[in-house]
Protein chains: 2
Amino acid sequence: MQVYGAIEAGGTKFVCAIAPSPGDPFIERVSFPTTTPSETIEQAVSFFRKYSLKGLGVASFGPLDLDTASPTYGYITATPKLSWVNTDLLGPLRKAFNVPMILDTDVNGAALGEMRYGAAQDVPSVVYFTVGTGIGGGTVVNGRTLHGLVHPEMGYIPLKRHESDHYQGNCPYHGDCLEGMACGPAIQARWGPASNALPADHPAWELEAYYLAQAVTTVVYTLSPHRVILGGGVMHQAQLFPLIRQKTLELLHNYITNPTTPEAMEKFIVPPGLGDDAGIRGALELAHMAVD
Amino acid sequence: MQVYGAIEAGGTKFVCAIAPSPGDPFIERVSFPTTTPSETIEQAVSFFRKYSLKGLGVASFGPLDLDTASPTYGYITATPKLSWVNTDLLGPLRKAFNVPMILDTDVNGAALGEMRYGAAQDVPSVVYFTVGTGIGGGTVVNGRTLHGLVHPEMGYIPLKRHESDHYQGNCPYHGDCLEGMACGPAIQARWGPASNALPADHPAWELEAYYLAQAVTTVVYTLSPHRVILGGGVMHQAQLFPLIRQKTLELLHNYITNPTTPEAMEKFIVPPGLGDDAGIRGALELAHMAVD
């Protein structure tokens, strides 16, 4: 039987899976730590060698070179994960498997997965943010993941500091950008390593919601998506959702016509429908699109 | 002869034009001040009655209701121009002319005009900002202007204050958003009514470039367009372009792979190719798309 293959390539771990079609239960799914490029990619190749692949979808951490006309197409480029800087990710996979492949960012993959099988099935566009060790965002518009000169890198959008917040930000590239102010390690740096155990009414979450609401507001003003999905480890703090919805309403200030009510906001900012499977499910969908 | 009709509906003036096809010289073009909704729309209707219309494109100030399923489709909604709040713009035009029509935002229209006939003909996506009395931004992705739950409203993106800048911002909705800090009246409020005559090396332009570079950076991180066009009255200050390019390079900090050089930035941030005709040309293109 020919199957679709999918890789969710993360900075911490790689997930590989295969399924008869992108919405089906996985036939097999494995995950292993991200070590050196050659070792990790070889481990993925070994996994897929057991199957007869129809196509392969890869949703990877980045930034990526997605310009098919570029000599470094399919490379991971200026990533903060230094051993992976300028790594040819797609090349070794193409050498091993002569099947149609599509590479996209991990967050574009997750947005696509959520749109086809998750919390955005009923709308034509979506933005997906992951908030964890880092922050990233991807988007699907008119059925396609969005690329341009490069691809969205929503973790680095500039934002306004809260006047009470004197934390300098921990992004090595941009200091106090969205990621620098609101990723998991930034919360820990402000409130201590046990921040996951802070009570739900701790001011840490108000501040976190303030920054994430700015991120949502920014995509409302630039992309005007039909829905915004917030996933990743930090968003396991469910008390963040009502806080972010409330602050987004305040920031939008009724200027746009929708969403302007708490009810509309409840449907607008939501957790992932696929939980931690959004990325790998999106990668399967990329495999399906490659074959089509 | 049947012709295409176009309206560029601005808060200060309406421009109406007709042409045999969207790229042709105008057969006639008029402009008149924006007064009351009924008077102004009636004036547009009178203009087009002289011709046999094939289709009509309308690029309007907003915000607009562009949801064809909505009871207020075609309305101008929460605009700061109070006499136009909740004005049915498309309805009277549809009543007068039984031809295909498309309504879009003025800045989406300008982005479309620039992509088809102006400074973005060689690329597949573009963001167009107008910086004048207000600030707005529109975008074309994959050949289509971008809409979602509503439409982009790029003038209101949150941004980081310059530490030396204590101006409170003049946006009635959001205070110190992009428009509040960087529109023409904000420059005048800081530096005096003769700000247009300030020398090219005055610190006013450094500060203005700082905010506009944040706007460019934000769309790079969210939309990743192939080109950013900066038009509008404030951008007649040509010394702003090199300043904005330089500050955008600094803000991006080499994180994304392109643009990272002054040469690439020179092609990336550009003035409009159509000057002040981008909007009306885009509206003609909307008329053409409506007929197609």
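**Note on the predicted two-chain model**

1. The side chains of B:R190 and B:D165 meet in a salt bridge, 3.0 Å from N to O. A salt bridge here is a side-chain nitrogen of Lys or Arg within 4 Å of a carboxyl oxygen of Asp or Glu. The pair links distant parts of the chain, 25 residues apart. B:R190 sits in helix α5 of chain B, and B:D165 in the loop between β10 and α4 of chain B. Helices (H or I, at least four residues) and strands (E, at least two) are DSSP runs, numbered from the N terminus. Both B:R190 and B:D165 are buried. Buried means under 20% relative accessible area, exposed over 50%, and partly exposed in between (1.4 Å probe, protein chains only).

2. A word on the basis of these values. This is a predicted model, in which local features need pLDDT of at least 70 and side-chain atom pairs count only at pLDDT 80 or more, while totals for chains, interfaces and linings use all residues. Residues are numbered from 1 along each chain as its sequence is written, chains are lettered from A and ligands numbered from 1 in the order in which they are written, and side-chain values use heavy atoms, with hydrogens and water left out.

3. Now the interface of the two chains. In chain B, 47 residues are in contact with 47 residues of chain A. Contact means heavy atoms within 4.5 Å. The area buried between chain B and chain A is about 4,100 Å². Carbon and sulfur atoms give 63% of that area. Buried area is the accessible area (1.4 Å probe) that two parts lose on being put together, summed over both.

4. Between chain B and chain A, 19 residue pairs are in polar contact, with both residues at pLDDT 80 or more. A polar contact is a pair of N or O atoms within 3.5 Å; within protein, one must be able to donate a hydrogen and the other to accept it, and residues adjacent in sequence count only if both atoms are side-chain atoms. On the side of chain B that touches chain A, the elements that give two or more residues are α6 (203-222) and α7 (240-252) of chain B. α6(B) gives the most, with seven residues. By class, this side of chain B has 25 nonpolar, 18 polar and four charged residues. Ala, Val, Leu, Ile, Met, Phe, Trp, Tyr, Cys and Pro count as nonpolar, Asp, Glu, Lys and Arg as charged, and the others, Gly among them, as polar.

5. How many salt bridges are there between chain B and chain A? The count is two. B:K160 forms a salt bridge with A:D176, the closest N and O atoms being 2.6 Å apart. The side chains of B:D176 and A:K160 also meet in a salt bridge, 2.6 Å from N to O. B:D176 lies in the loop between β10 (144-145) and α4 (178-182) of chain B, and A:K160 in the loop between β10 (144-145) and α4 (178-182) of chain A, so the pair joins two chains. B:D176 is buried, with a relative accessible area of 11%. A:K160 is partly exposed, at 23%.

6. Over all chains the count comes to 16 salt bridges. One of them joins A:K50 and A:E28, whose closest N and O atoms are 3.0 Å apart. This pair also links distant parts of the chain, 22 residues apart. A:K50 is in the loop between α1 (37-49) and β4 (52-60) of chain A, and A:E28 in strand β3 (residues 28-33) of chain A. A:K50 is exposed, with a relative accessible area of 51%. A:E28 is partly exposed, at 24%.

7. Chain A has two assigned domains: domain 1 (2-109 + 276-291) and domain 2 (119-271). Their bounds come from an automatic or database domain assignment. The C-alpha centres of the two domains lie 26 Å apart. Twelve residues of domain 1 are in contact with 15 residues of domain 2. The area buried between these domains of chain A is about 1,000 Å², of which carbon and sulfur atoms give 58%. A:P80, A:V107 and A:N108 supply 47% of the area that domain 1 buries against domain 2, more than any other three residues.

8. Across this domain interface of chain A, the rule finds zero salt bridges. Six residue pairs are in polar contact between the domains, both residues at pLDDT 80 or more.
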